[in-house]
Amino acid sequence: MTFTSPEWFFFIPLLIFIGWRYPFLKLHAPLRLLILAILVLALARPVVKLGNGEMDIWLMVDHSDSAMMKPVVNTEEIAGILNKYKRDGDQVRIVDFARDAVLREKGDPSFEGAANSTRLATAIDYVLAEADTERVNRLLILSDGYPTEPLDAGIEKLQKAGITADSRLFPHSFETDYRIADIRHPSRTHPGEAFLIEFSILSNNNAATVIPWEISRGDSPPLTGTATVENGKGRVRITDRLLTPGATAYNLRIIPEKEDPIPQNNIAHIWVEVTGGSRVLLVTPYAADPMAPFLRAQGIDVIETNDPKALQPADLTGTKLLIINNVLASAIPSDFLRSINFYVREQGGGLLMCGGRNSFGAGGYFSSAIDPLLPVSMELRNEHRKLMTSMSIVMDRSGSMSVSAGLGKTKMDLANSGAASAIDLLSDNDYVSVHAVDSSPHSIVPMTQVGPNRAKITNAVLRIESTGGGIFVEEGIRAGWESLAKTNAGTRHLILFSDAADSEVPGNYKAYLDQMQKEGITVSVIALGTTSDCDAKLLQDIALHGGGRIFFSIDGNDLPSIFAQETVSVARSAYIKETTPIKPTSGWAQIAAKSPSWPAAIDAYNLSYLKDGATAACISEDEYNAPLAAFWSRGAGRAAAVSFPMGGEDASNFLKWPGYGDFIQTLSRWLMGNSAPEGFTLKPTLQGERLQLELLYSDENIPLIARNAPSSAIEVMSPTQTTVLNGVWEHIEPGRFVCTFLLDEGQFVRGAVKLGEYSIPFGPLSSPTNPEWEMSSNQKEEYMNLVNLTGGKERHDLTDIWNEPRTPKQRGITVYLAWAVFGLALIDALLTRLGISLMRRKKQEIPSP
Amino acid sequence: MLPVFSNIYGFYALLGIPALLAIHFLQHRSKKVNTSTLFLIDVLIPESRTGRVWEKIRNSLALWMQILCVLMLTWVLVKPRWLQENTWQTIVFVLDDSINMQAFKTGAVQAVERDMATVQSSRIPTHWVLMSSSSRKAPLYRGDDPGKMMAALAEWTPRSGEHDPVPALRTAQAVISGNGAARFITSSKNHVPDWQAAIGVGAPLDNAGFAGLIPEEQAAEARWRVAVKNNSGLPQERELVTRINEQASAQNIRLNPRSVTELKIQLPPAVNSMVLELSPDAFDRDDKLPIVRHIPKPLHIYLNAGEEQSAYFQKLVSTIPGARLSSEANAHVRIVAADEESGMPGGPAIIFPTRFEKKESIPVVTAEPNALTRDLGWGGLLFGEKGTLKPRRPGNVLLWSGGEELAWLDDQALVLNWNWTASNADRLPSTALLLRRYLETVQAGVEGYWSANVASNARLSLPGAAMIRVSPLSGEPYTKQYAGYMPDETGFVTVFADRDMKEAIFDGATYPPDARQGDFSQCSSFEQGSLSQDDILQKISTPDPFVPLWLAIAGGALMTAWIPGKREREQTRL
């Protein structure tokens, strides 16, 4: 506690004198003494310090691509200077940031997060969450000064927290930069219709220069040409036309002959949607899928793909029905799986999953992005389980796991949750072991039966912390294998969770895996990262030799569901390969006028359970009564599950069924739903960050509009996140609605307009250029605003920063003391009036005459 | 300047004064004092008489000093703050401009009044801003006078359809710039973003009303289908009154819950307008529907083209309401073949070339982005010969054939630079739509009388318009200068070309613009966020610097109160 006005303590001798000189004032009485003491204390204006004034400098190091490592290479030197001149109790704390932020002492010495954006506001949030509010905090941002997200909220938060942001800029010294800008193209066109693609080439060089350019479409050879850039601007125009419905990506590129300082802004990507027609996208492992001819016989355009890894969300454009026929979930890219939900619910698409050994729970679809869409639940019920499972989970706890995954969680936390969800899905009779691995394996849970120990095991797993360094793969596999070798369960499986960019010391893993296979132990890999990471190939090879699956997760938010998928596919799924009679139900009548004469039996099926609200067309006539063909409506779209194989050797009986073609045709017709009514035209336009949808309708559709006001939704996809936004339709004039969305640059958008039961899909649309390389003056201005509005400055002399005023957080207590004086004064008045004394009186003697 | 108090609970300390008075009403308790009988007890006049606790209050220095002490402490406890010079806060009320707010205007006014009272109690100088949630409308009031703001609020009538309030709310946040507060007054929580402080003044209402007017194919017969929507969850029996001139006829209609009922109506011959009325309900804005006979604007077309082209254009002209062929002298637009040598016609025209050059191959036809070519397909256009015309100015090309111009706008004229008769243009829907769009554009720019049913508040381009006379179905007729928009009210309008209002160029009926406004199922009352004045006060004021002085005075007063009276001092001495 300190005193703002300690001079008032000089009153104390004065009061003592008054009390001595004028005893009748009874200042020595306890109550009055207390009142005066509190009063003097209040006059001295005491404040309670909430800290000791020690300063924390948060050195925020920009690792984004556009900063070109300049802040990073200077960090050690700057941190060294700061550490040299700091005072006792002061600290320098380094936060590395780009798309994510991480405290260096918690993460890797080298920043492992994505560098394709400069999320300074996110990094500020991170610092505010980590900062000790009782200390004096100050930011020193090392950056090139081009944030890619708005800073308004960050400025306000810093102001409220009383934190100043200083800056040390590392500016770029561009001589001559050329970049693509102002791209114009139609977002929608008709098949065969010619259209224009135009873009400008901008430069800070006014001299006339010839710049070569090229435009490529898919795998076609690029179209090339040159443009003259004069007075800083040149223009390119080409004509093209697309023949088939769907979405097509164009890549635009300029190739300046001199070395360009920012080559990243020499490229752009655009999408053109070709409307019309309705097609079926059939994802199948079979070279000639038996369903395709029957679908084509209805005049439907069927796109067959045997390469699920090449699927991307844009493939759903123009698709009325998606059929996944016996393909593993892990073989389908996660962004495509995530996009199916919006495709069905909002865009009115149809989804059909057909059975086989690689579908449903066995195919890893439990808890996947499309699990909620399917009319059947896939996890095997305990009472139907016949085999015991032993599972060994080997967890990477290297430094990259400490990177923030948002909402105050690290990737390690998410991985822990994933492992916990896997344990949760194991039954009481199953066994599990967990190892955390860095340079050596650490047993977190020895091979233990789950039943009585479930809570204890889960608690132990949730407490695993990242410790730095990389994961030694060989050590991890060996430890897991040794655990599994101790059990003799029917199914023995190892899940290796590892960083795809930091999996070290594989050693003789192949030998281990071959031996494990011989012992009937399988290995799957859950990799944090992408297939292009440096150790991705190693991990893929481990999964291949281990006889299991491999999953890649970019940011870790989907780790819990991946662990769950893997656990169910190993321990809680059943592909019943025995001839099973079919029992029809009345459900088929909901989608067809006539019930087919079902085949007597099928060769195999995936055991699943009908969800509430779904309808089964036929069920298995065995002890399970499991749904074999089930369907329901989801949002604007429809989904169906046929749990027995529709192709391959396990479908030999069913393929012989004369009603096969009619069955698939009827089901696909129902799944493709209703076409949008005539008389509506949707025009999406993306201009900068503004997406405008224009819905035109004819007079004939006024009653339909009156019954069902239009609603719109867009799905904004980033590599790690999917967000659905809803818009407001403004009725601009009769026959015309307009709805506007504001998008962040670089976002990939698909959408749909719903009119009651109808849906008009559109997209994809995306901002053509990467904001990280926009490097506009607005971004720089916003950055400098952050510095100026929080009271900071551009720091050249780093030693000086410690001399900045340190105002520790304080709280005045004068008012509380005044209340005390007030209360005590009233009590004193009462006691005085009543003649009550708190002091023991001396026995009064009778005075002698 | 008077101070503002940041802790009004400190005023509770004033209760100390009646407490002191009560204490001083109490009798002094009698004291036992041992004394010699030799000493008469003059000085020991009993201060307490037996039998009564209360006595008449006596004026004493102690009492007054104690009251002074309480006053000083109260002053300290209410934490007075002095406003800095030239400081103020800005309070912005954003009023939801949706038409359905008409049903809740009283609640909106009361909500604003409540907030105003809260703000005024803080006594912080305040700039008041009253604005509409429609970003197309100017602020209703901006200034320091709350009375004038309330007057502006009283005159406010919400008239927009469904709209996004977020742009207006962002503007409000920018206006306060962290130095004030913005409140959104609305009828439904669905309209409010999470970050916006708002008051909901709505309530679910059972409403049914007109939801649209659908002209029948043969417009000349003045027949329509009228959509009536019951937005409530209950069936409704309503009376439908048809008023034509002074005559009214009524019929009962049954409206099923949450459904649209279509009624067929027709204007009798020689009658140009009528009004449909539903029996009133809680929201009367959609209970009346005025209708006028549609009379299209005239468009005179001079046609001088080849035989085949003439037949095609005669058919095209017959499909455009109000269009007819005329002499060249009276024509608004010419359809002619021309070339540079014979001279290009001025003004609106559709021009074909007279000379052609044969093309070996037909390059792809590509459209420039333009309102005339938007969404039209040109892949099927086949032309064997291209015209020899060249654009006189660059920049207005509509169609390209490879790298050459195929169609363009030349001043006001549309040039189609290919051999029409040797092409399949007459069988291509895109050509017909392009020509129709062009002719409709010319028609819109022509001065001439027409009449139509239009949405209220709709933008309507009427070349040469000067004044508008508005006859609302509810309210008094008025006239004003025509500003390019239909009035907000439902009713009839006449637009005049002269200020004396003698030459009418447009008669119309205006109906509510957005049928969705009749649905009150999502309306509710709620409060989101608060109107806290504390943060603002901290920013724009300084604490009272004399607090130590007041505390010292309080201490001094207290010590003075402790000085005993003369008798007491003597007693003490004894």
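Let me start with Arg634(A), which lies over the face of Trp632(A) at 3.6 Å from the ring centre, where a charge sits over a ring if NZ of Lys or CZ of Arg is within 6 Å of the ring centre and within 35 degrees of the ring normal. Likewise, Arg381(A) has its charged end over the ring of Tyr609(A), 3.8 Å from the centre of that ring.

This is a predicted model, in which local features need pLDDT of at least 70 and side-chain atom pairs count only at pLDDT 80 or more, while totals for chains, interfaces and linings use all residues. Side-chain values use heavy atoms, with hydrogens and water left out, residues are numbered from 1 along each chain as its sequence is written, and chains are lettered from A and ligands numbered from 1 in the order in which they are written.

Turning to ring pairs, the structure holds 36 aromatic pairs over all chains, counting rings of Phe, Tyr and Trp (its six-membered ring) whose centres lie within 6.5 Å, with planes under 30 degrees apart called stacked, over 60 edge-to-face and the rest tilted. Phe195(A) and Tyr250(A) have ring centres 6.3 Å apart and planes at 90 degrees, so this pair is edge-to-face. Both Phe195(A) and Tyr250(A) are buried, meaning under 20% relative accessible area, as against over 50% for exposed and partly exposed in between (1.4 Å probe, protein chains only).

In chain B, Phe93(B) and Trp128(B) are stacked, at 6.4 Å centre to centre with 5 degrees between the planes. Phe93(B) counts as buried at 0% relative accessibility, and Trp128(B) is buried too, at 2%.
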